[in-house]
Amino acid sequence: MSERGATRIRLEETTRELFRAGLVTPTGGNVSARAGPEEFWVTPAARFKGDLAASDMVRVDLAGQVLEGEGPPSKETLLHSAIYRARQDVGAIVHAHPLFATLFGLYSFPVLPVTADAVSLYDLPAVEFLLPGTRELGRRVAEVLGEGSTVLLRNHGVVTVGGDLRQAADRCHALEETCRLLLLARVMGEQPASISEPLAAALFAIHARKEEVDRRIGRGIGEG
Ligand SMILES: [Zn+2]
């Protein structure tokens, strides 16, 4: 099988995994994987996300033009292409509508350093609400994401990126689990046990360094 075909199958597997985890909803969310420097595979528009097959995926160029597949591609194709254009190191993108992370994005809660993952969310960037599917949303997400790996879309959902599908999906899982924990800790009432400030600062620095290394390695570049 060609590398391009293998990427399409991984996209099917990852989309199903995210659906089973409740991160991508029946009609909400979309996933993509780079198929080369100037093109990527993306989930199709307006389809139930729970049973998508590899043959349903659509290959598009960075302008969003369909190169292969029945189409039409995801309505957020412009969001994906804006990120791929801005970040050569990004090999895969997950845009999801996870319950807890979306809820988290609606409030300006202080992020208590209750776990190492929570520490990494300390300065998580967020994009103001913009109409889904627009070029403006793609432009802002790419801008606010910068060199990072995660961005909240207020009143909408989240975007995580990675060198490959595994990394982008893992980041989405970790984000949702952490937001769930933080929100539950908040409703428990009493002040939760927190990691001390010096250790939280050390963890944050380690996280930032790891992201920088991942970005430099650019695991996804050239993935067929
Ligand atoms: Zn969405």
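Author: Start with the terms. Helices (H or I, at least four residues) and strands (E, at least two) are DSSP runs, numbered from the N terminus. Two strands pair if DSSP finds at least two bridges between them. The model is predicted: local features need pLDDT of at least 70, side-chain atom pairs count only at pLDDT 80 or more, and totals for chains, interfaces and linings use all residues. Residue numbers start from 1 along each chain, as its sequence is written.

Now the sheet. It is open and has eight strands, in the order E4-E3-E2-E1-E5-E8-E7-E6, with mixed pairing. Its edge strands are E4 (66-68) and E6 (126-127), and each pairs on one side only.

E3 (58-61) and E4 run antiparallel, joined by two bridges. Val 60 has Val 66 in E4 as its bridge partner. The two strands form a hairpin with four residues between them, where Gly 64 takes a positive phi near 90°.

Step across to E2 (39-42). E2 and E3 pair in the antiparallel sense over four bridges. Phe 40 has Val 60 in E3 as its bridge partner. For Trp 41, the bridge partner in E3 is Arg 59. Trp 41 is also the partner, in E2, of Ala 33. That leads on to the pairing of E1 and E2, which is antiparallel over four bridges. E1 and E2 form a hairpin with two residues between them.

Move to E8 (157-162). E5 and E8 pair in the antiparallel sense over five bridges. Here His 95 stands opposite Val 159 in E8. On to E7: E7 and E8 are antiparallel too, over four bridges. Leu 153 stands opposite Gly 157 in E8. E7 and E8 form a hairpin with three residues between them, and Asn 155 in the turn has a positive phi of about 60°.

How enclosed is E8? A residue counts as buried if 20 or more other C-beta atoms lie within 10 Å of its own, as exposed if 12 or fewer do, and as partly exposed in between; the C-beta atoms are placed from the backbone. Six of the six residues of E8 are buried, so the strand is largely enclosed by the rest of the structure. In a regular strand the side chains alternate between the two faces of the sheet. In E8, Gly 157, Val 159 and Val 161 point one way, while Val 158, Thr 160 and Gly 162 point the other way.

E6 and E7 (residues 150-153) pair in the parallel sense, over two bridges. Val 127 stands opposite Leu 153 in E7. Helix H6 (residues 165-187) packs on the sheet, touching E1 (30-36), E5 (92-96), E7 and E8, and its direction makes about 145° with that of E8. Such angles run from 0 to 180 degrees between N-to-C directions; axes are lines fitted to C-alpha atoms, for helices over the stretch in contact. Contact between two residues means that their C-beta atoms, placed from the backbone, lie within 7 Å.

Next, the other helices. H2 (residues 77-86) is mostly covered, with eight of its 10 residues buried. Among the buried residues of H2 are Leu 78, His 80 and Tyr 84. The buried residues of H2 pack against E1, E2, E3, E5, E8 and helix H5 (135-145). In H5, Leu 137, Gly 138, Val 141, Ala 142 and Leu 145 are buried. Seen down the axis of H5, these residues fall within an arc of 125°, so they line one face of the helix. The arc is that of the directions from the helix axis to the C-beta atoms. The cover over the buried residues of H5 includes H2, E6, E7 and E8.

Finally, return to H6. The axes of helix H1 (residues 3-20) and H6 come within 10 Å and cross at roughly 10°. That makes H1 roughly parallel to H6. Angles under 35 degrees count as roughly parallel, over 145 as roughly antiparallel, 65 to 115 as roughly perpendicular and the rest as oblique. Arg 10, Leu 11, Thr 14, Glu 17 and Leu 18 in H1 meet Leu 165, Ala 169 and Cys 172 in H6.
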